[in-house]
Amino acid sequence: MSRAPRLIVEIRGGRQSGQSAVIPPGGKLRVGRTAPSDLFVANDRQMSGVHFGLSWDGARCQLEDLGSAQGTLLNGEPVKEAEVAHGAWIRAGDSSFMVYVEGASTPPKEDPTALADLEARVLSRLRAEKEPLFAVLDAARDPRILPCLRESVEAHRSLYDGVKGEALSDVAPHLVALTEPDGLLERLVQHGWGQSWGIFLTSRRPLDDVRTHFRRILMVNTTPGAPRLYFRFYDPRVLRTFLPICTPAQQGEMFGKNGCFLMEGDHGEVLRFTQDAQPAAQGAS
């Protein structure tokens, strides 16, 4: 990453779990229940109006308790001021926060111009899509996937819900909106293309709407009376086999109001599926 990384502060647990804020180098963030806080946790009655602040210079993060009534904990210890490391957790009121440095665990290659030919062509193909790009990633496939997401400034949500979903986050499918062409997308292709990390898709719908659509097809009925089973549609090996044999009704359920699906083929090529159309292979090795 040629520029200084940003800092990501993520709320963990509660109704606002997964909400995050980004601090650019040289920036500051105030966290609390009311204005003038920058990151609000309005439903936490134990949190002070302006509870704690974080400052980030691009290399170091500093935490300051801003005179809160109940204090601030850093990794379980009460602090007034302290340096915060990547992956640290903060407790304020009844809320927990995790702090991540952008791209810390899976940085891009030192020389971004030295991408392998296939990786460069895959990135070019994905970036050429006219509609907004999303990915559904299977955290169970590789322990690097969840850190990739948490160390990204781009919005992402698990397809699993509630407390159980939080507990299963390291094996859950996660939806991410790939809004920065030189951000997470590049790392996903560099580290995960050809490894069945997940699938890509295009949609003009907001992230929450796309998530609602995919949650509807997480489980399927196989035969009448049989238990419902998880449908691993986010595995490219599954989806590229299933889509060509779909009935029109099944296609409608899979695509919903989304545009197209894109995924790796057997030889690293980009397969692009649209509704009522045969897949087109592009970027073959």
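## Salt bridges

A salt bridge is a side-chain nitrogen of Lys or Arg within 4 Å of a carboxyl oxygen of Asp or Glu. This is a predicted model, in which local features need pLDDT of at least 70 and side-chain atom pairs count only at pLDDT 80 or more, while totals for chains, interfaces and linings use all residues. Residues are numbered from 1 along each chain as its sequence is written, and side-chain values use heavy atoms, with hydrogens and water left out.

The structure holds 17 salt bridges. One of them joins the side chains of D138 and R232, with an N to O distance of 2.3 Å. This pair links distant parts of the chain, 94 residues apart: D138 is in strand β12 (residues 133–138), and R232 is in the loop between β17 and α6 (236–242). Helices (H or I, at least four residues) and strands (E, at least two) are DSSP runs, numbered from the N terminus.

## Two domains

The domain assignment gives domain 1 (7–101) and domain 2 (115–274); such bounds come from an automatic or database assignment. The C-alpha centres of the two domains lie 31 Å apart. Eight residues of domain 1 are in contact with five residues of domain 2, where contact means heavy atoms within 4.5 Å.

The two domains bury about 670 Å² between them, 47% of it on carbon and sulfur atoms. Buried area is the accessible area (1.4 Å probe) that two parts lose on being put together, summed over both. I8, R12 and Y100 supply 50% of the area that domain 1 buries against domain 2, more than any other three residues.

## The domain 1 side

Across the interface of domain 1 and domain 2 there are zero salt bridges. On the side of domain 1 that touches domain 2, β1 (7–12) and β11 (95–101) are the elements that give two or more residues. The largest share, three residues, comes from β1.

## Aromatic pairs

The structure holds nine aromatic pairs. Rings of Phe, Tyr and Trp (its six-membered ring) pair if their centres lie within 6.5 Å; planes under 30 degrees apart count as stacked, over 60 as edge-to-face and the rest as tilted.

The rings of Y160 and Y230 have centres 6.1 Å apart and planes at 50°, so this pair is tilted.

## Backbone exceptions

Most residues other than glycine have a negative phi, and most peptide bonds are trans. A35 and P36 are joined by a cis peptide bond, with omega about 10°. P36 is in the loop between β3 (27–32) and β4 (39–40).

N75 is not a glycine, yet its phi is positive, about 50°. N75 sits in the loop between β7 (72–74) and β8 (77–79).
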